[in-house]
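Here is a short note for someone opening this entry for the first time. Please keep the sequence and the 3D view at hand while reading.

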Amino acid sequence: MPRDSLWFHRDFRLLWAGDTASQFGTFVGRTALPLLAATTLAATPLQMGLLTASENAAFLLLGLPAGVWVDRMRRRPLMLRADLVRGVLLLSVPLAWWADLLSLPQLIVVALLVSVCTLFFDVAYQSYLPSLVGRSRLVEGNSKLQVSQSVAQVSGPGLAGALAQLLGAANAVATVGLSYLGSAALLGRIRTSEPPPSPRTGIGLRAEVAEGLRFVFGNRHLRAITACTASGNFAAGAFTGVEVLFLSRELRLPAAGVGAVLAVAGVGGLLGALTASRWLRWIGQARAVWLVPLLTWPAHLLVPLAEPGWRVTFAALGLAVFGYGVVVYNVAQVSYRQAICPDGLLGRMNASVRFVVWGVLPLGGLLGGVLGEWLGVRATVWITSVALAAAVLWVLCSPLRRLRDIPAGQLPTATQNSRS
């Protein structure tokens with residue numbers, strides 16, 4: 001193993017471990033909270049849509065100014081505070097359940113506030129990685145972090161389903177809060193000195209937000225990536241709004257069965273994380289952005305073909321292949337964005353992209369709930385699966401299709417960094 005591998009980078013290992021703890025909490029929570037709402041609180045499809053929307057609403061409400069604020073402060077302390085607040089918020093859910101005070105409005109409020117913390121954590125984390133490991137090792141760093149996310153995606157839903165089956169969904173939520181506190185403890189041990197934030201420009205919040213938006217939407221490649229990810233996330237938000245209802249009611253799976261299907265589906269994401277670097281070396285970083293989703297995202301059309309019995313495997317297989325493609329795509333496009341962006345714009349660039357691609361998630365969740373009430377759960381799954389398969393058209397029809405790797409002229413220079 002080369003000595004310059006990130007395996008030998010102590011502080012990256014701490015970041016990786018902290019992110020792993022956080023990802024486990026996230027994927028347990030994504031299954032446990034909807035299960036708690038669906039089983040204990042008997043939520044309707046519309047209420048499930050509201051819960052899904054609240055989990056991502058901060059990206060729509062605060063996404064753009066968050067990038068400016070992240071660029072104005074050190075990123076690691078911000079990540080620590082976000083972890084601590086998320087842990088406390090989520091531990092309030094089992095406490096309320098034990099006191100027989102839990103209600104759906106509390107779940108929605110907790111999910112909303114957690115989404116605010118997640119917004120700042122994610123923008124700070126993606127802006128922090130280049131200064132921690134250097135731009136030359138971004139693909140390796142993002143690939144390793146995606147492995148953690150994929151392992152959590154594999155085991156988190158299964159763990160949540162098992163805990164919900166054995167102890168109740170509220171007890172599973174307690175694991176989420178503890179995971180965030182563990183993440184904060186690990187991040188607090190990082191020793192690498194973080195560069196100070198860029199000096200204040202004095203141009204005002206609105207102008208700084210506009211600068212980040214111009215960087216993203218003034219670049220044809222970033223514009224296509226952002227549109228593709230946003231379209232996919234909008235459809236994914238609508239699908240997530242009815243996903244647990246589809247698995248538990250349409251396919252008649254118990255809580256443990258729901259977790260098992262989602263865990264099997266997560267194997268695809270794990271394999272994607274383990275092989276992403278090879279894909280990028282083999283076919284090129286720019287080409288991977290459109291070719292991999294073209295080959296894998298249409299597999300989501302298998303999901304609405306699932307039925308009770310052995311055909312439940314259609315749902316697991318479709319989600320696994322789709323998840324594989326999403327992870328490889330994410331490693332390619334996130335590394336691309338980080339590589340071409342000047343340091344002083346990283347927070348605003350990431351926040352501008354997140355504002356669009358995550359801001360559509362609550363809208364998608366609401367749409368999924370409305371469609372589930374109006375057309376039925378299975379019809380909603382068909383509509384969202386078609387939309388997910390079609391999202392790749394944005395990058396397939398973009399100038400990225402004519403590239404293999406990042407054009408050298410797009411890499412930031414020291415002059416650009418100092419000006420930003």
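**Notes on the predicted model**

1. Start with the nonpolar patch on the surface. Leu46, Leu50, Leu60, Leu61, Leu112, Phe234, Leu363, Leu366, Leu367 and Val370 form this patch. Together they have about 770 Å² of accessible area. Bear in mind that this is a predicted model.

2. Which helices supply the patch? Helix H2 (45-54), helix H3 (57-61) and helix H14 (346-374) each give at least two residues. H14 makes the largest share, with four residues. Phe234 of the patch sits in helix H10.

3. Helix H10 also matters for the next feature. The helix covers residues 220-250, and Arg220 is found in it. Arg220 gathers with Arg223, Arg401 and Arg402 in a surface patch of positive charge.

4. Now the fold as a whole. The chain has 17 helices and zero strands. Its radius of gyration is 20 Å, close to the 22 Å that the globule rule gives for 420 residues, so the chain is as compact as a globular protein of that length. Along the principal axes, the C-alpha trace spans about 60 × 45 × 45 Å.

5. Check the record against the model. An unreviewed UniProt entry annotates "transmembrane region" at residues 78-98, 104-125, 224-247, 253-276, 288-306, 312-332, 353-371 and 377-397.

6. Two of these spans can be checked by eye. Residues 78-98 are 100% helix and 0% strand, with end C-alpha atoms 31 Å apart. Residues 312-332 are likewise 100% helix and 0% strand. Their end C-alpha atoms are also 31 Å apart.

How values were computed: Residues are numbered from 1 along each chain as its sequence is written. This is a predicted model: local features need pLDDT of at least 70, side-chain atom pairs count only at pLDDT 80 or more; totals for chains, interfaces and linings use all residues. Side-chain values use heavy atoms; hydrogens and water are left out. Patches are made of residues with over 30% relative accessible area and no salt bridge: like charges are joined within 9 Å, nonpolar side chains (Val, Leu, Ile, Met, Phe, Trp, Tyr) within 5 Å. Accessible areas come from the Shrake-Rupley method with a 1.4 Å probe; for residues, only the protein chains shown count as cover. A salt bridge is a side-chain nitrogen of Lys or Arg within 4 Å of a carboxyl oxygen of Asp or Glu. Lys and Arg count as positive and Asp and Glu as negative; His and the chain ends are not counted. The place of a charge is taken as NZ of Lys, CZ of Arg, CG of Asp or CD of Glu. UniProt positions are given in the numbering used here, feature names are shortened, and annotations may be inferred rather than shown by experiment. The radius of gyration is taken over C-alpha atoms; the globule rule is 2.2 Å times the number of residues to the power 0.38.
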